[in-house]
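Welcome, and please open your viewer for a short tour with two stops. At each one you will get something to select and a note on what is there.

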Amino acid sequence: MEEGKLNVAWNRRQSIITPDTTCYRLLDAEGDGFPDLWAEWFDGRLLLQTQRHQPTDVRPLVKAFPGVRSIYWKRLDQRDKESPTWLWGEKVEEPFTVLENGVKYEISFTSGYSQGIFLDQRDNRQAIKERLAQTEPGSQRVLNLFAYTCAFSVAAAAGGGIATSVDLSPTYLDWGKRNLQLNGMDPAGHYFVKGDAFDWLQAFAKKGRKWQGVILDPPTFSRGQVKKVFRVEEDYAELVKLATQVLEPGGWMLCCANTRKVSSFEMEEQVRSGVAQARRRLSKFQSASMPADFTGDAYLKSFWLDVT
Ligand SMILES: C[S@@+](CC[C@H](N)C(=O)[O-])C[C@H]1O[C@@H](n2cnc3c(N)ncnc32)[C@H](O)[C@@H]1O
């Protein structure tokens with residue numbers, strides 16, 4: 001690992017990351033001149049990720065990244081999803097807290113393949129918090145589908161919104177409740193719904209339930225209950241259609257897809273088609289770019305919509 005490039009990556013992040021953020025992408029493969037190496041910084045704990053080789057010599061990293069306490073590694077492998085492996089420094093056996101734009105999130109290096117937060121959504125979370133902070137506290141209901149550890153819900157709640165989080169996993173929803181508590185917010189003031197997002201969207205629509213904001217950030221592939229299989233490249237328009245049906249007139253939607261399989265143009269087509277299929281109109285359509293620490297491939301597609 002070239003020391004010069006590590007120093008450049010470190011200095012670059014220090015100039016773009018504010019002091020109230022302690023977690024970010026520190027190395028973004030080709031974007032920082034390191035093919036097959038991604039690294040995320042979690043308040044001194046460094047998580048390396050590679051597709052092929054396990055890093056062997058971590059000394060250049062220890063030298064280049066002041067304050068590093070631990071180095072872990074995980075193989076990027078969607079079939080064999082394992083927890084990170086310890087390589088150097090303090091063992092991280094307990095969950096710990098990181099800050100993102102002043103909001104706290106619980107991180108774990110021992111609960112599996114994902115550590116509790118997707119750092120590429122930082123700017124979108126902040127945009128939600130800021131958007132809701134401009135409205136009367138408690139006046140905005142936000143539906144967060146595929147919520148995982150409810151990071152979007154926490155951002156919405158930090159802006160004064162009331163969040164409904166839907167996920168197949170009760171373990172992740174419990175993690176989401178802890179994330180709210182970490183920020184001094186009572187989970188009882190929000191809603192947590194276990195189950196298939198497609199199933200629930202249909203049930204909500206039947207009951208006439210509506211939200212002022214809806215967040216769609218699904219996995220690229222999901223095997224649910226009613227709708228057996230979801231593939232982002234084929235089924236996103238249908239998801240948008242169902243979500244639009246539970247959106248108040250004048251509401252907003254954030255539509256994301258974390259995929260290299262679909263171009264931004266194709267995603268935009270699907271999003272627009274979903275809104276049209278729900279017989280609603282767009283009054284605003286804007287794409288958002290990835291956070292500045294994601295210097296490599298822009299795989300995350302994000303669209304902000306206002307719907308009449
Ligand atoms: C990529 S994560 C979503 C990340 C999340 N939006 C965030 O901001 O952190 C995928 C999540 O979707 C959930 N999930 C997958 N299929 C689902 C489905 N059909 N209905 C509801 N949740 C689902 C998984 O349990 C997982 O927590």
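Start by selecting strand S7 (103–107) and helix H3 (122–133): each of them supplies at least two residues of the lining of the largest cavity. Helices (H or I, at least four residues) and strands (E, at least two) are DSSP runs, numbered from the N terminus.

You are looking at a predicted model, where local features need pLDDT of at least 70, side-chain atom pairs count only at pLDDT 80 or more, and totals for chains, interfaces and linings use all residues. Residues are numbered from 1 along each chain as its sequence is written, and side-chain values use heavy atoms, with hydrogens and water left out.

**Stop one: the cavity**

Now select Glu100, Asn101, Val103, Tyr105, Arg122, Arg125, Gln126, Lys129 and Ala155, which line the largest cavity. A cavity here is a set of points on a 1 Å grid over the protein atoms alone where a 1.4 Å probe fits but cannot get out, and lining residues have an atom within 4 Å of a point. The volume of this cavity is about 40 Å³; a volume is the space filled by probe spheres set on the points, which are joined across faces, edges and corners.

Colour H3 next: four residues, the largest share of the lining, come from this helix. Then colour domain 1 (3–107) and domain 2 (119–307), since each gives at least three residues to the lining; the bounds come from an automatic or database domain assignment.

**Stop two: the ligand**

Move on to the ligand and show Phe146, Asp167, Ala197, Asp217 and Ser222, which come nearest of the 14 residues around the ligand. A residue counts as near if one of its heavy atoms lies within 4 Å.

Which side chain has an N or O atom 2.9 Å from a nitrogen atom of the ligand? Select Asp196 to see that pair. For a backbone example, pick Leu168, where an N or O atom of the backbone lies 3.2 Å from a ligand nitrogen.

Notes:
1 Å grid on protein atoms, 1.4 Å probe; cavity = no way out; pocket = protein on both sides within 12 Å on 5 of 7 lines; lining within 4 Å. Polar contact = N/O pair within 3.5 Å; in protein donor to acceptor, adjacent residues only side chain to side chain.
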